[in-house]
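Hi,

Here is the structure I promised to pass on.

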Amino acid sequence: MGTRSSKFVFSFEEGDNKNKKLLGGKGANLCGMTQIGLPVPPGFVISTEACLTYLAQNKKGLNAELLKEIRAEMKDLEKKTGKGFGDPDQPLLVSVRSGAAMSMPGMMDTILNLGLNQVTLGGLIKMTKNERFAYDAYRRLIQLFGSVALGMRDEDFDEIFKEIKEKHKAKDDVHLDAAGLKETCEGFLELVQKKTKKPFPEDPYEQLEIAIEAVFKSWMGKRAVDYRREFHITPEMANGTAVNVCTMVFGNLGEDSATGVAFTRNPGTGENRLFGEYMINAQGEDVVAGIRTPKPINEMRKDMPEVYKELEALRHTLEKHYREVQDFEFTIEKGKLYCLQTRNGKMNASALIKTSIDMVNEGLISEQQAILRIQPEMLDQLLHPRLDPKAKVKVLATGLPASPGAASGKIVFDADRAESKAKIGERVILVREETKPDDIHGFFASQGILTSRGGKTSHAAVVARSMGKPCVSGCEAIHINDIAKEAVISGVTLREGDMVTIDGSTGNVFLGIVPTIEPEFVEDLLVLLEWADEMAQLKVMANADTPEGVSKAKKYGAVGIGLCRTERMFNQPERLPIVQEMILAETSEERQAALERLLPFQREDFKEIFRIMDGLPVTVRLLDPPIHEFLPSDDELVVEIRHLRELVRTVELMEALPDTLKLLDPQLHGKYAANLETITHGLEELKNRHLAENLINAKESMLQKVKALSETNPMLGHRGVRLGITYPEIYSMQIRAIIEAAAECVKEKIPVAPEIMVPQVCTLQELVFVHNDVNRIRKEVEKKFGVKVPLKFGTMIEVVRACMRAGRLAELAEFMSFGTNDLTQATFSFSREDAENKFLPLYNERGILQHNPFEILDIKGVGRLMLITVEWARKTRPDIKTGICGEHGGHPDAIRFCHHINLTYVSCSPLRVPIARLAAAHGKLKEAEYQFV
Ligand code: PEP
Ligand code: MG
């Protein structure tokens with residue numbers, strides 16, 4: 001808590017309007033508004049320190065010191081208003097509201113009209129000459145106080161109120177006269193006595209004390225505690241709640257009174273116009289409760305033209321002072337406007353962007369402030385089609401929100417069907433238990449992916465994200481039978497061709513088509529991101545491996561490709577068989593022949609990517625995954641071989657069928673023989689060409705190879721540079737394709753900046769091996785093409801040993817890129833899939849780990865390794881280029897850390913590039929306050 005302030009209570013005139021921690025957001029703003037001369041009714045704030053002291057003293061009543069200060073402030077209020085708290089003729093009434101440093105639903109809200117009792121009620125009637133109004137105020141106090149401070153049920157009050165309204169034939173509360181409201185008050189008072197076994201407190205100071213204690217206690221109420229835990233609100237951010245005590249003003253004193261809420265600009269569109277609602281002859285909670293429909297604020301121009309002008313002036317004053325869009329509450333009492341509360345307006349992403357640009361143009365904020373007021377993650381809203389929020393739909397099942405955006409389409413259960421359906425122009429959703437690399441063509445063909453197994457970093461999730469396609473993964477409510485081509489979801493059976501909609505931002509699955517709205521990449525966003533680029537130090541690159549992905553990355557402002565995963569290029573349908581041939585090759589020559597057929601494909605891809613990037617760096621990573629990933633699984637092969645054998649056997653049996661039939665019944669033979677002859681004759685071709693037998697042989701040798709290649713821990717096995725060393729022809733082909741593509745571009749005067757990156761490196765000797773090959777091939781190609789090819793050589797850092805040997809690796813590596821997906825696995829010794837599917841959720845739930853480290857960079861562990869790596873690498877090569885290309889590279893917190901350790905760039909999926917650009921600027925602008933834990 002630190003040293004305590006000299007006092008607990010501050011009048012609105014004296015409170016420090018910057019100190020939200022002490023006075024709460026609401027309290028600080030009430031002080032601020034008072035101090036700039038806005039019409040705030042007189043009042044005071046009881047500090048959060050008072051709350052913490054109360055809670056520390058085990059809630060044993062308000063202490064004497066605090067009570068003394070409160071009484072002094074109340075005396076001051078009496079002086080300012082000319083009324084008395086508990087005065088029978090001129091009663092002062094106050095409201096009590098909670099307010100912590102951060103707005104936090106779940107805490108006690110508001111009690112109005114404190115100070116009313118049987119005696120002061122008479123005074124209020126005399127003062128206002130309005131009996132109906134006074135009883136209305138009294139019944140509101142009893143109910144609010146009862147429910148909020150005494151813990152009674154609102155429903156019990158509502159029931160009494162409803163009965164009385166019915167008895168008096170009043171449609172709603174405004175139609176109930178003074179007698180009806182008086183009866184209501186009596187009923188409410190009886191209810192309090194019955195439920196609490198005590199009369200409603202008559203003494204205004206007792207009312208005030210109970211109300212203040214109730215606010216203090218609500219800080220530790222279950223809902224408030226849960227909310228803080230859910231949104232990671234730490235004591236540094238908000239500790240304890242303040243209490244605001246404010247003189248009552250009334251919007252329900254007749255037709256010249258009103259209450260309302262407004263935004264200084266439209267929070268949905270950002271339009272620079274007053275936006276809000278008001279209600280004539282009403283009190284604050286009527287607007288919220290929806291008893292009557294409020295009117296749009298522009299109607300006030302006609303209803304109360306003078307006040308409307310004041311409201312317009314208020315809007316400008318508020319914005320000029322807070323330099324932020326404000327969401328404020330006001331009350332008009334007999335034609336006089338009061339402002340009761342203001343806070344920063346919550347807006348959607350498009351409104352935030354528009355208001356940022358507008359407020360810079362209006363001179364209200366600087367470009368830096370415009371950037372800082374937008375949380376980078378919010379841009380996500382703008383970059384994917386979203387479900388139309390107006391659509392009325394029922395959720396069928398919910399899985400993990402694995403890749404944001406929404407998509408509708410016909411269900412298909414395998415990648416080939418997805419492709420053939422897409423070819424005839426159908427929109428499909430690929431539904432699988434889980435996906436594998438050879439489903440890739442199905443990803444290309446589908447609008448979205450839905451899986452019943454796997455986490456947010458499963459194959460389906462990672463690939464879908466990299467393509468910017470919506471994905472719901474791990475939706476366990478779906479039971480898939482891909483043989484029968486049907487799935488059962490929550491009791492509903494879906495067949496191939498049935499329509500579903502998935503929402504990858506929430507994980508929801510819907511039956512049928514839910515309308516979506518397209519993303520808008522608005523002009524204002526482009527302007528804002530250009531400002532961000534100027535401020536940022538980190539460059540933002542993208543992970544992309546197809547010309548489409550690369551074009552998208554460029555469109556979103558990536559200044560290079562930080563990771564081009566070449567294995568994705570192997571997975572296309574016309575290439576996979578050649579890749580399989582290469583893997584199955586018995587000799588180096590056979591392998592070479594297959595590789596030579598692959599080379600032109602790769603070269604063309606690289607050329608196209610270089611052309612699109614037009615001189616910006618393109619980091620191509622040599623083959624990484626274990627090669628058995630390109631082959632079918634042994635289970636699949638066993639089934640296929642069995643089916644083929646059954647076919648051969650069936651053909652043999654068919655041939656024997658006529659004779660067997662004769663044996664059985666010569667007459668039957670006579671009847672069927674001719675037809676059977678035709679069939680067996682037809683099968684002759686199948687037999688003579690030995691199609692099935694040949695295929696069985698091929699599949700059996702593939703099965704043997706699959707078995708031979710199978711590994712206990714493939715992710716820690718024969719992959720990455722280890723493959724490159726055991727099968728050097730593969731890397732040589734890829735290196736040649738890259739350098740030849742670059743050479744062709746150079747010849748065509750297309751600027752290029754290719755970079756070759758080696759995966760899974762753990763020792764310098766591995767780099768030396770590949771580097772020698774690069775040099776050899778580079779010389780050959782340069783000679784053949786007669787041009788010089790610019791080229792950088794570098795390494796991924798995915799292995800802990802590579803971190804420890806960074807100084808050595810930097811002798812050869814001109815750049816290093818942290819593959820934090822693998823580096824996280826390596827640092828924790830967690831296998832990603834097993835962790836996410838088995839124990840990580842429990843670890844998170846129990847607080848053993850705060851986050852899923854595969855989603856949120858583990859700065860304390862993985863981050864520290866990165867820091868050390870960079871430090872050591874720079875000792876060898878001070879200008880070494882460093883970056884990150886694991887999935888964390890697109891997340892704002894990780895980006896801030898990357899700025900902190902001075903990386904050169906972050907690389908992320910194309911759709912996250914705008915978010916990363918904004919986060920990079922935030923990293924720079926907030927660097928002074930960054931604390932590395
Ligand atoms: C990584 O490990 O972070 C990385 C980028 O490589 P991949 O995800 O392809 O294993
Ligand atoms: Mg990796």
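A question to start with: how many residues apart are Glu740 and Arg736 in helix H28? They are 4 residues apart, so about one helical turn separates them. Their side chains meet in a salt bridge, at 4.0 Å from N to O. Glu740 counts as buried because its relative accessibility is 3%, below the 20% cut-off. Arg736, with a relative accessible area of 22%, is partly exposed. Both also belong to a network of salt bridges, whose other members include Arg603, Glu608, Asp773 and Lys784.

Before you read on, keep in mind that this is a predicted model.

Now for the other salt bridges. A search of the whole structure turns up 59 of them. One joins Glu324 to Arg373, with the closest N and O atoms 2.6 Å apart. That pair links distant parts of the chain, 49 residues apart: Glu324 is in the loop between helix H12 and strand E9, and Arg373 is in the loop between helix H14 and helix H15. Glu324 and Arg373 are both buried.

Another one pairs Asp533 with Arg917 at 2.7 Å, N to O. Asp533 lies in helix H19 and Arg917 in helix H36, so this bridge ties together parts that are 384 residues apart in sequence. Here Asp533 counts as partly exposed, at 36% relative accessibility, while Arg917 counts as buried, at 8%.

Then there are the ligands. Around ligand 1 there are 13 residues, and Arg565, Arg621, Gly819, Asn821 and Asp822 come nearest. By class, this shell has 6 charged, 4 polar and 3 nonpolar residues. Oxygen atoms of ligand 1 feature in several contacts: one lies 2.9 Å from a polar side-chain atom of Arg621, one is 2.7 Å from a polar backbone atom of Asn821, and one is 2.9 Å from a backbone N or O atom of Asp822. Taken alone, ligand 1 exposes 290 Å², and the protein buries 90% of that. Strand E25 and helix H32 are the elements that give two or more residues to the shell, and H32 gives the most, with 3.

Asp822 turns up again at ligand 2, the magnesium ion, where the protein donors are Glu798 (OE) and Asp822 (OD), 2.0 to 2.1 Å away. Glu798 sits in the loop between strand E28 and helix H30, and Asp822 in helix H32, 24 residues apart.

Cheers

Note on methods: Residues numbered from 1 in each chain as written. Chains lettered and ligands numbered in written order. Predicted model: local features only at pLDDT ≥ 70, side-chain atom pairs only at ≥ 80, totals over all residues. Heavy atoms only, no water. Near = heavy atom within 4 Å. Polar contact = N/O pair within 3.5 Å; in protein donor to acceptor, adjacent residues only side chain to side chain. Areas by Shrake-Rupley, 256 points an atom, 1.4 Å probe, with all protein chains shown as cover. Nonpolar A, V, L, I, M, F, W, Y, C, P; charged D, E, K, R; others polar. Donors = N, O, S within 2.8 Å, 3.2 Å for Na, K, Ca; no water. Buried < 20%, exposed > 50% of the residue type's maximum accessible area, 1.4 Å probe, protein only.
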